[in-house]
Protein chains: 2
Amino acid sequence: MDKWYEKSGDQGDVVISTRIRLARNLKEFPFPCKLQDEEREKVATAVRAAILGEQSAISSSFEYIDMKRLTETQAVSLVERHLVSPEFISERQGRGLLLMKDESVSIMINEEDHVRIQVMKQGLDLEGAYEMADRLDTLLDEELSFAFDDRLGYLTQCLTNLGTGMRASLMLHLPALQESGAMGRIAGSLSKLGMTIRGIYGEGSEPRGALYQLSNQVTLGLSEQAAMSNLKDIAMQLISQERAARQAAGKHIETLDLVGRSLGILRGARVLNNDEFMKLVSNVRLGISLGVIDNISYDTINALLIEAQPATLMENAGKTMQPQERDVLRAKLVQEALH
Amino acid sequence: MDKWYEKSGDQGDVVISTRIRLARNLKEFPFPCKLQDEEREKVATAVRAAILGEQSAISSSFEYIDMKRLTETQAVSLVERHLVSPEFISERQGRGLLLMKDESVSIMINEEDHVRIQVMKQGLDLEGAYEMADRLDTLLDEELSFAFDDRLGYLTQCLTNLGTGMRASLMLHLPALQESGAMGRIAGSLSKLGMTIRGIYGEGSEPRGALYQLSNQVTLGLSEQAAMSNLKDIAMQLISQERAARQAAGKHIETLDLVGRSLGILRGARVLNNDEFMKLVSNVRLGISLGVIDNISYDTINALLIEAQPATLMENAGKTMQPQERDVLRAKLVQEALH
């Protein structure tokens, strides 16, 4: 079955993916941080049964993963595929994951909250992602009793999630805005509007591959629809700014040179570390949107962005590898995908 | 008509070209540095008549170029094509060039000596180049009286050419020996054997494109055949050392990575300066000899090495250009040649 990330969607030149996440907790249990091991197991069993039990109409689409049974590589690969949060794998005892087979839906059990429903869609598709998340929420609600307060809404461990418990995020590719130095100013304006934008894996000085995550911050006193509508309005503005910046950049031979060289190196390299890969692939993605590269699809790039990550690379190869060996395999994977 | 450099020859993986140069002077004139303008013209007229005159059987293969009529770009392009020496174009008054149409033979008039016959062949072909030079020498000797001393041989302005007046040179591509750091030691050993090896256009710290010129130094007390035989013996040793060093380098993924990236950049760049071009093309040439690049011929590379040079690029485009514009055109030329 194709993975969800092997396709591109609406506004696919800028928006790589949409994610909706709902935080829910079971009424009869304290928040996960207060739970003993055996109580965590009870929560996991209950949530698992709600999806995989005999009454469930969707059980055949899901598999259950007991997190403590995974190897470190398998666990990290789940993070790379955006199926779980980095925090979720830092301590795996008593945590479980329900995963839909196309990897577009994941339900983390005993992360910060008892239940975190997460739906991923390619491109910009807040409605589609929310519809799916809402269906799962309804289904779980029938089997489980969620902690809900008429005035506050869904109760969550962290106050920032109180209310709808919904976080809507878009993964954006913003190479031209980043290159123009506008991201600092944009982040400042967005925070005043109740939005956050931050680089993906933002460890170095620049977000890797010019990838940014745009999310709503406000969950209280605002419906899910209103929050998504705000996010979409702002996303459309950012998309149009990014497109304008790309068009301007595309008039300079230096940009076309950078794009051409990046594709050349990706096709020719025999050793490719992840940082360099992310930088080069970002340039190629820019080249596709400028029309100077016309024989490579966003789908190919989006899939590579996941499959070339270190743990996923090893997981697909079925063995652990030293960094150098991994860099050789990454180069091979990239070469085959781009030829 | 194809230019001589658009083909590759014997030992073409290492030897790009062979050059034989004979220095001759006319008995009845002082050396060029002592000549007045009108006497220089007389020398030029006499040599020109010997080749292009009605008695000449080869007149239709040659054209005469009055050096002072050339633009600076045209003159520099002659140097880039190895048809004349850099010194020859530094002062062009009273100097002429007889050029064979495939550019394999050039006769400089009033360079350091009255006549310098130069024959180029692709690959290693000392015999072929000498045979041609000797035929032209004989032909000119019938019409002109060369300054010759029974004891000293041909008289030349510079003592280092006295005797045979012959300089035999091979242009070698030695990327692996250069990379191994062996060139200093090799140059030292060769000078003891009466040979010189030096980088082409040796201005920077490293010869551009790992190209070296190996020449005989001794012209006195040694026949042309003996000088060429010595040169060939030494060349064959160098060739085998270079091949061994390439095989060793080819076992390292870093070498294959360098080769692959270099080809990728050459194919993808939209702006390419000459230094970078020379470095990258040297790596690609190495890749061809290692068999990791199998769809590009030495002929293509050898032709590019000439045609991508700044003045030749402008000459073929029919206009002068700023460096940036030239770098864009070079990238285009390279891209078309390598696709």
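Predicted model: local features only at pLDDT ≥ 70, side-chain atom pairs only at ≥ 80, totals over all residues.
Residues are numbered from 1 along each chain as its sequence is written, with chains lettered from A in the order in which they are written. Local features here need pLDDT of at least 70, while totals for linings use all residues.

**View 1. The largest pocket holds about 980 Å³ of space.** A pocket, on a 1 Å grid over the protein atoms alone, is an open set of points where a 1.4 Å probe fits, with protein on both sides within 12 Å along at least five of seven lines; lining residues have an atom within 4 Å of a point. Of its 39 lining residues, R19(A), S85(A), P86(A), E87(A) and R198(A) sit closest to the centre. The lining splits into 14 nonpolar, 14 polar and 11 charged residues.

**View 2. The second largest pocket comes in at about 840 Å³.** Here 33 residues make up the lining, and R19(B), S85(B), P86(B), R198(B) and Q213(B) are nearest the centre. Sorted by class, you get 10 nonpolar, 14 polar and 9 charged.

View 3. A disulfide is a pair of cysteine sulfur atoms within 2.5 Å, and the count over all chains is 0. C33(B) is exposed, at 53% relative accessible area, whereas C158(B) is partly exposed at 27%. Exposed means over 50% and buried under 20%, with partly exposed in between (1.4 Å probe, protein chains only).

Methods:
Heavy atoms only, no water. Points joined across faces, edges and corners; volume = space filled by probe spheres on them. Nonpolar A, V, L, I, M, F, W, Y, C, P; charged D, E, K, R; others polar.
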